[in-house]
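Thanks for coming. I will take a few minutes to walk through one chain, and the picture is going up now.

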Amino acid sequence: MKLKLDIDPDIVAMMQAEVAAGERAVTAAMREAGTGLKAAWRLQVTGAGLGTRLANTIRSQTFPKSCESLDAAALVWSQAPVIVGAHDTGPLIRSKNGFWLAIPLPAAGKSLRGGRITPGEWERRRRLRLRFVYRRTGPSLLVAEGRLNTKGQAVVSRSKTGRGKVTAPIFLLVPQVKLPKRLELARDADRALDSVPGLIVTNWVEGQLT
């Protein structure tokens with residue numbers, strides 16, 4: 001006995017249409033999940049007081065970039081992973097050389113390169129020498145002899161009489177510091193992952209209705 005199977009062209013077209021609908025639904029779902037996660041992470045960063053500049057380092061991208069696929073995926077990342085990761089994990093930070101961490105005080109001012117100023121940069125810019133002050137009951141200090149300008153920053157004193165000259169604390173010295181955990185990135189990532197099946201169904205149904 002011989003059996004012959006003829007496939008109706010309409011059925012083939014319907015199957016192809018269903019595959020295409022699935023590709024559109026999965027790709028759209030991953031795009032929405034990735035975009036939503038990016039927005040949630042940016043909101044966390046700004047809500048933690050870390051600023052919009054750091055928040056805007058959070059980016060998202062759907063793959064493949066140029067077509068729709070049942071294997072579509074979304075990638076969400078930060079262009080400043082070390083900073084964002086530190087605020088997400090709250091690590092214990094120690095000096096690289098095993099000595100002190102120098103934390104600038106208000107009298108130190110800002111770095112010309114952005115971020116915190118270092119003792120070396122401070123001495124070069126202010127043309128003052130820093131002096132180590134050891135304290136048994138608290139963080140040790142780096143201080144300088146000078147005067148405070150209108151911004152409260154230590155500068156060279158031009159007074160020949162010593163008027164207005166002060167010993168200004170410039171840096172706190174600590175052996176280590178615990179960075180507080182200010183972000184919960186995994187929480188939003190889990191929520192985005194859990195939303196994917198529902199997004200696929202929603203986009204598939206909407207594709208059938210349009």
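This is a predicted model: local features need pLDDT of at least 70, side-chain atom pairs count only at pLDDT 80 or more; totals for chains, interfaces and linings use all residues.

Is Gln44 buried or exposed? Its relative accessible area is 12%, which is under the 20% cut-off, so Gln44 counts as buried. What does Gln44 touch, once neighbours within four places in sequence are left aside? The contacts are Leu183, Glu184, Leu185, Arg187 and Asp188.

Now the chain as a whole. It has five helices and nine strands. Reading from the N terminus, the order is α-α-β-β-α-β-β-α-β-β-β-β-β-α. The chain has 210 residues, and 31% of them count as buried. If we take the contacts with a separation of 6 or more, 62% are between residues 24 or more positions apart.

Next, the nonpolar cores. The largest one has 14 residues. Trp41, Val45, Leu50, Leu54, Val84 and Leu183 are the members with the most contacts inside it. H1 gives the most, with three residues. To take one member, Leu54 touches Val45, Ala80, Ile83 and Val84, again not counting residues up to four places away in sequence. Another core lies apart from this one; it has 13 residues, including Ala108, Ile117, Leu128 and Ala168.

The largest pocket has a volume of about 1000 Å³. It is lined by 29 residues, and the closest to its centre are Ile93, Pro104, Gly115, Arg116 and Leu179. Helix H3, at 81–89, supplies at least two residues of that lining, and so does strand E4, at 101–104. By class, the lining has 18 nonpolar, six polar and five charged residues.

By class, the count for the second largest pocket is 10 nonpolar, one polar and no charged residues.

Two points about the backbone before I stop. Which peptide bond is cis? The bond is the one that joins Phe63 and Pro64, with omega at about -5 degrees. Pro64 is placed in the loop between strand E1, at 58–63, and E2.

The other point is Arg127. Arg127 is not a glycine, yet it has a positive phi of about 55 degrees. Arg127 lies in the loop between helix H4, at 119–126, and strand E5, at 131–133. The relative accessible area of Arg127 is 62%, which is over the 50% cut-off, so this residue counts as exposed. Gln44, where we began, is buried.

That is the tour.

Terms used:
Residues are numbered from 1 along each chain as its sequence is written. Side-chain values use heavy atoms; hydrogens and water are left out. A nonpolar core is a set of buried Ala, Val, Leu, Ile, Met, Phe, Trp, Tyr and Cys residues joined through side-chain atoms within 4.5 Å. Buried means under 20% relative accessible area, exposed over 50%, partly exposed in between (1.4 Å probe, protein chains only). Helices (H or I, at least four residues) and strands (E, at least two) are DSSP runs, numbered from the N terminus. Contact means heavy atoms within 4.5 Å. On a 1 Å grid over the protein atoms alone, a cavity is a set of points where a 1.4 Å probe fits but cannot get out, and a pocket is an open set with protein on both sides within 12 Å along at least five of seven lines; lining residues have an atom within 4 Å of a point. Grid points are joined across faces, edges and corners, and a volume is the space filled by probe spheres set on the points. Ala, Val, Leu, Ile, Met, Phe, Trp, Tyr, Cys and Pro count as nonpolar, Asp, Glu, Lys and Arg as charged, and the others, Gly among them, as polar.
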